Amino acid sequence: MKIHEYQAKELFRKYRVPTPEGGVGESLEEIAEVVASLGLPVVVKAQIHAGGRGKGGGVRLARTNEEANQAAAAILGMTLVTRQTGPEGRLVRKVLVEKGVAIEKELYLSLIPDRGSATIMFVASQDGGMDIEEVAAATPERIIKVAVNPLTGPQPFHFRQMAFGLQLDPALHKQFAALLKGLYQLFVDCDCSLVEINPLIITADQQIIALDAKIDIDGNALFRHPELQTLHDPFEDDPIEAEAARFHLNYINLDGNVGNMVNGAGLAMATMDIIKQAGAEPANFLDVGGGASAEMVENGFRLILRDPKVKGILINIFGGILRCDVLAQGVVQAAEKVNLSVPVVVRMEGTNVEEGRRILSDSGLKLINAADLADAARKVAEIVA
Ligand code: ADP
Ligand code: MG
């Protein structure tokens with residue numbers, strides 16, 4: 001679960017990770033009050049669950065009350081498009097106003113779980129700021145990594161490795177170590193899957209401050225954090241994904257035009273791969289579970305068809321626990337109910353497959369039978385081409 005920058009910064013303050021003073025507003029009046037309480041200059045920042053706001057016009061410096069008001073009026077209610085939002089952008093409903101800080105240097109710092117080494121990894125760079133993606137691509141040696149064994153936790157030597165790796169002035173080492181310690185504690189306490197600060201800055205008066213804040217909390221751990229659950233912002237959810245959650249279906253919206261419905265997450269991943277190999281792009285990931293019922297299939301169809309990009313659907317079912325004839329009946333029932341507006345290719349294999357195929361072809365529905373997975377992908381790719 002992602003949270004907003006202003007919420008992440010509240011958590012930072014709890015763990016003594018320094019942030020600029022600031023406050024949130026949802027209207028021009030509220031924003032003016034925050035500006036008055038902070039004093040000038042201020043920075044006005046769009047609050048959406050996506051980065052790259054600075055380059056998209058969602059972060060503006062204001063030196064006067066009038067500029068602050070103009071910046072707030074421009075940002076509040078805008079549809080902000082950044083490289084992380086996709087072309088449709090995000091509506092800005094909240095704005096964070098912060099004291100403008102004199103920046104001497106911008107660093108990058110993040111914490112992630114590293115599956116390969118089963119450690120919690122600090123990742124950092126001297127070249128922080130808005131172009132960190134380019135730094136990682138062009139000069140990966142400028143990115144340093146320090147792995148912490150979660151059983152023993154971070155030790156002073158980890159902090160020294162980080163400080164030396166970033167070539168920090170020794171006068172800054174103590175505050176930097178305290179910041180890393182707080183950040184690590186926050187990461188563990190809140191079951192984060194990502195904490196990212198870009199930029200982490202050194203100010204003109206030699207303070208290290210988190211100027212940006214991004215936190216992702218592991219959704220599977222939310223049950224033990226009722227206080228963090230309240231940070232969820234439903235306006236940031238993908239509407240189709242939110243509906244899928246109500247149906248208890250694992251659905252993720254993607255950019256392509258081939259809707260697909262699969263039983264089992266692994267098979268769903270393989271299906272997306274083979275759709276791409278056939279030259280098409282999946283519109284979603286959808287795992288209807290090992291024992292997909294007619295109702296599940298119906299809900300799956302409804303979700304897929306809500307996405308206007310979808311031009312064809314591929315159903316890929318392996319009948320193991322689930323018999324193919326039962327599944328075929330489910331598909332027929334569901335197809336009759338939801339009024340299928342696009343062609344559907346069905347690939348089925350497993351128990352009672354012959355009976356399943358007969359049910360599909362006798363149904364009178366425009367379902368296209370596929371001989372195997374490659375054939376299915378080819379057929380659906382032709383349809384959407
Ligand atoms: P994003 O990563 O979404 O573009 P940031 O919070 O990183 O948004 O802000 C973009 C840039 O704006 C920062 O790299 C920094 O240069 C500047 N900035 C952000 N907040 C402040 C602030 N409080 N004072 C001065 N400059 C700021
Ligand atoms: Mg940033």
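A salt bridge here is a side-chain nitrogen of Lys or Arg within 4 Å of a carboxyl oxygen of Asp or Glu. By that rule, the side chains of D131 and K55 meet in a salt bridge, at 2.3 Å from N to O. The model is predicted: local features need pLDDT of at least 70 and side-chain atom pairs count only at pLDDT 80 or more, while totals for chains, interfaces and linings use all residues. Residues are numbered from 1 along each chain as its sequence is written, chains are lettered from A and ligands numbered from 1 in the order in which they are written, and side-chain values use heavy atoms, with hydrogens and water left out.

**Domains and their interface**

- The protein chain is divided into domain 1 (1–20 + 103–233), domain 2 (21–100) and domain 3 (239–384), with bounds that come from an automatic or database domain assignment.
- Taken over C-alpha atoms, the centres of domain 1 and domain 2 are 23 Å apart.
- Their contact (heavy atoms within 4.5 Å) takes 16 residues from domain 1 and 16 residues from domain 2.
- Between them, domain 1 and domain 2 bury about 1400 Å², with 43% of it on carbon and sulfur atoms; buried area is the accessible area (1.4 Å probe) that two parts lose on being put together, summed over both.
- Six salt bridges are counted between domain 1 and domain 2.
- Eleven residue pairs, both at pLDDT 80 or more, are in polar contact across this interface. A polar contact is a pair of N or O atoms within 3.5 Å; within protein, one must be able to donate a hydrogen and the other to accept it, and residues adjacent in sequence count only if both atoms are side-chain atoms.
- On the side of domain 1 that touches domain 2, α1 (5–14) and α5 (132–138) each supply at least two residues, and α1 gives the most, with three residues.
- Helices (H or I, at least four residues) and strands (E, at least two) are DSSP runs, numbered from the N terminus.

**Magnesium site**

- The magnesium ion (ligand 2) has N198 (O) and D212 (OD) as its protein donors, lying 2.1 Å from it. Donors are N, O and S atoms within 2.8 Å of the metal (3.2 Å for Na, K and Ca); water is not among the atoms, so sites may look incomplete.
- The pair links distant parts of the chain, 14 residues apart: N198 is in strand β10 (residues 192–203), and D212 is in the loop between β11 (208–210) and β12 (214–217).
- N198 and D212 are both buried. Buried means under 20% relative accessible area, exposed over 50%, and partly exposed in between (1.4 Å probe, protein chains only).

**Salt bridges**

- The whole structure holds 23 salt bridges.
- K9 pairs with E5 in a salt bridge, the closest N and O atoms being 2.7 Å apart. Both residues lie in helix α1, four residues apart, about one turn of the helix.
- K9 is buried, with a relative accessible area of 1%, and E5 is buried, at 3%.
- A network of salt bridges links E5, K9, K45, R53, E98 and D212.
- R323 forms a salt bridge with D325, with 2.9 Å between the closest N and O atoms. R323 is partly exposed, with a relative accessible area of 39%, whereas D325 is buried, at 10%.
- The side chains of R357 and E354 meet in a salt bridge at 3.9 Å, N to O. Both lie in helix α13 (residues 353–362), three residues apart, and E354 is exposed, with a relative accessible area of 58%.
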